[in-house]
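Please look through the sequence and the model shown here before reading the report.

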Amino acid sequence: MVRLARGMGGTADPGEPAGAEPAVRDRIRVLHVLPAPNGTTQYVDQMIGAAAPEIVIRTFSWPRAVFGAYDVLHVHWPELLVRQRTWVGRLVDVALAYTLLLRLELTETPVVRTAHDATSHESRHRLVRSVLATLDRRAALWIRLDPTTSLPPGVRSVTIPHGHYRSVFPPDPGSRAEPGRLVLFGQIRRNAGIERLLDVFRAVNDPVMRLTVVGTSLDPTLADRVGAVAAADYRIEARLGPVPDDVLAGEVRRAELVVLPSLETHGSGAALLALSLDRPVLVPRSAATDALAREVGEGWVIMFDRVLQPADLLRAVAVARMTRERGRRPHLGARDWEQVGRRHAEAYRKVVPHLAGR
């Protein structure tokens, strides 16, 4: 989503150069199942930037996972291990994943698992499902992003909230919300509620209202549909494709309201980005969004029930306007990245207590 500045605390060790081991022997080495930073905005940047001084962060590659030196394997989205689309590629990934599981067993390396979203793997290929279920069972500790996230019964867990983005995007006194402007951003998927939002927005007969859709779609048919609707309604703008951070922040700041019609993940980075930029969000009602609304303060998290309706949009715009006029920022103090990094370090010490004083 967004990139955090490096050098906030822990050490990134993407290359494992020769002779690096003595420098890190007194620290806990954590291998994240996340790709290395590549100049775009990724969650891995947040984990590197927020790491406590005693934590050495290593990012994922198969040689490092099977043969590298690390004390903890931290799994975020386990499907990244078996993401090949062809059946041959999937079989190779499954074989590598089973090799990794064997290495974890033989070396007694603990697994920490962050539940970013639902943990069910029912829709996947049988072999893939088996690998992911086995990895979940090996987790010594689960991290959930909010206390409402459901976890497998009987597991050991801690709650560490997703950090905010205020350190990346400080307040911009020159930015102004445009009356009636809405924005939806993120990955454009069929289950993200984008088509319903387009239909609902077009049903709102208000010439002042505007909707900007910003994001990347891997579904050409859906992208064509969004583009066709935007071409047919002058109030809708579609910016489909990769967008730099500053451009995305500018689009969010232009809006009175950020609409996330299908907020599936717990501790949503999209919602936190909007709130970090002092823009209210409209989201489906759930235990997670209810908890977020209580945390950040009145008027910042506006919820609708079941299926989005035109009246929900109009009500949300009115609430967002009143919230902005109060002149108060949402409460995000519990999501400071220094705290997030410190709590992750505490979590790692729980699973490798014998290394804490190494």
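The sections below treat strands, a helix, an aromatic pair and a pocket in this predicted model.

## The six-stranded sheet

Six strands form an open sheet in the order S10-S9-S8-S11-S12-S13, and their pairing is parallel. Strand S10 (236–240) and strand S13 (301–304) are at the edges; each has a single partner strand, so one side of each lacks a neighbour in the sheet. From one strand to the next, the twist averages 25°.

Strand S8 (residues 181–185) and strand S9 (residues 210–215) run parallel and are joined by five bridges. Here Leu182 is found opposite Leu211 in S9. Strands of a sheet pair through backbone hydrogen bonds, and the pairing is either parallel or antiparallel.

## Strands S2 and S3

Strand S2 (residues 28–32) and S3 also run parallel, with four bridges between them. Across this pairing, Arg29 stands opposite Val56 in S3.

Which way do the residues of strand S3 (residues 55–58) point? Ile55 and Ile57 point one way, while Val56 and Arg58 point the other way. In a regular strand, side chains alternate between the two faces of the sheet. Ile55, Val56, Ile57 and Arg58 are all buried.

## Helix H2

Is helix H2 (residues 43–50) largely enclosed or left open? Eight of its eight residues are buried, so helix H2 is largely enclosed by the rest of the structure.

## The aromatic pair

A search of the whole structure gives one aromatic pair. The ring centres of Phe60 and Trp62 are 5.1 Å apart and the ring planes meet at 80°, so this pair is edge-to-face. An angle over 60 degrees is what counts as edge-to-face.

Both partners are buried, a term that means under 20% relative accessible area. Phe60 has 19% relative accessibility and therefore counts as buried. Trp62 counts as buried because its relative accessibility is 18%.

## The second largest pocket

Rolling a probe the size of a water molecule over the atoms shows where empty space is left. The second largest pocket holds about 340 Å³ of space. It is lined by 18 residues, and the closest to its centre are Ser175, Leu277, Asp278, Arg279 and Arg324.

What classes of residue make up the lining of the second largest pocket? There are seven nonpolar, three polar and eight charged residues.

How values were computed
Residues numbered from 1 in each chain as written. Predicted model: local features only at pLDDT ≥ 70, side-chain atom pairs only at ≥ 80, totals over all residues. Heavy atoms only, no water. Buried < 20%, exposed > 50% of the residue type's maximum accessible area, 1.4 Å probe, protein only. Helix = DSSP H or I, 4+ residues; strand = E, 2+ residues; numbered from the N terminus. Pairing = 2+ DSSP bridges. 1 Å grid on protein atoms, 1.4 Å probe; cavity = no way out; pocket = protein on both sides within 12 Å on 5 of 7 lines; lining within 4 Å. Points joined across faces, edges and corners; volume = space filled by probe spheres on them. Nonpolar A, V, L, I, M, F, W, Y, C, P; charged D, E, K, R; others polar. Phe/Tyr/Trp six-rings, centres within 6.5 Å; stacked < 30°, edge-to-face > 60°. Axes fitted to C-alpha atoms, helices over the stretch in contact; angles between N-to-C directions.
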